[in-house]
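Okay, thanks for coming, everyone. Let me put the chain up and then walk you through it.

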Amino acid sequence: MTPRSQRTISRAAEVTGFGFLTGADVRLTFHPAAANHGIAFLRTDCDSAPIPARVEHVAPRQRRTALSYRGVTVELVEHVLAALAGLQIHNCLVTLNAPEPPGLDGSCRPFAEALWDAGIVDQGVPREAMTIHHAVRAGSLEQRQWVDAMPVGADAGFTVEYTLDYGPQSPIQRQSARYLVTPEIFLREICWARTFILESEVAALRSQGYGQRVTAGDLLIFGARGVIDNALRADDECARHKLLDCIGDLALIGCDLRGTVSAFRSGHQLNAETVRQLQQSHAAQLAPVARRAA
Ligand SMILES: [Zn+2]
């Protein structure tokens, strides 16, 4: 497979809204960046260095992905990362004037549309890619939660599959989604899938002071009888959203992936663990080559 060119956007693009967690008004701007810059976040509301979107900077959090670097944290970055990765934009500085990006409609479509409208340009420098040669698994059958990263044919690109299963009592039915990740398929099938939460979890978050501005119109809130005051965009919208989260989290590897990733009930922590295992597996494969070359 010939290496793809690195890509960035041709002009800055802005998205505004409020953060789902903190409720803070926020202006987020995507800026073009030079080849080999990668993705980084810069908080302009405090004394922040650019925070590289790499797995080594993931901060431990429940139900979200946060990045922390030199004492500054940016929360809930996964949907921004998914929009960039889904559109295969490799170099971008993301500035924001609050601790978290806007939550918008709970999907990453507004981010993807802003990036698409800005225009995406090839930079003429090959994009690094990691081909999965040996299967790795994060999580386990015992945990009822795992991510398998598996090899496929050399020209097969990157496919992600997600299955969720919260049991027969859950208002969210067992469902799966599987897509080859290309910008066209991401825009058409994935980017609009919204995040979801149970009514009971909303109450717990609000009691901790989070999510005060969020209403049932802003994302999917499931009560005992299904979605509250909202309508699904597809029967499998929840599985597609979890797949979107996987795409964002797996982008923390910082290069293209070639292979298939199949996730069962995984969350952000397990997705990050998958990235670490892939890095270790890849380093172990390269070690004998490096020794022969030395
Ligand atoms: Zn999400």
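**Overall shape**

So, a compact globule of 294 residues would have a radius of gyration near 19 Å, and this chain has 19 Å, which agrees. That's taken over C-alpha atoms, and the globule rule is 2.2 Å times the number of residues to the power 0.38. Keep in mind it's a predicted model: local features need pLDDT of at least 70, side-chain atom pairs count only at pLDDT 80 or more, and totals for chains, interfaces and linings use all residues. Numbering runs from 1 along each chain as its sequence is written, and side-chain values use heavy atoms, with hydrogens and water left out.

Along the principal axes, the C-alpha atoms fill a box of roughly 60 × 45 × 35 Å. In there we've got 6 helices and 19 strands; those are DSSP runs, H or I of at least four residues for helices, E of at least two for strands, numbered from the N terminus.

How much of the chain is buried? Buried residues make up 53% of the 294, where buried is under 20% relative accessible area, exposed is over 50%, and partly exposed is in between, with a 1.4 Å probe and protein chains only.

Now, two loop residues. Asn36 sits between strand E3 (25–32) and strand E4 (39–43), and its phi is positive, near 70°, though Asn36 isn't a glycine. Asn36 is exposed, at 62% relative accessible area. Then Arg70, in the loop between strand E7 (66–69) and strand E8 (72–74): again not a glycine, with a positive phi of about 50°. Arg70 counts as exposed too, at 66%.
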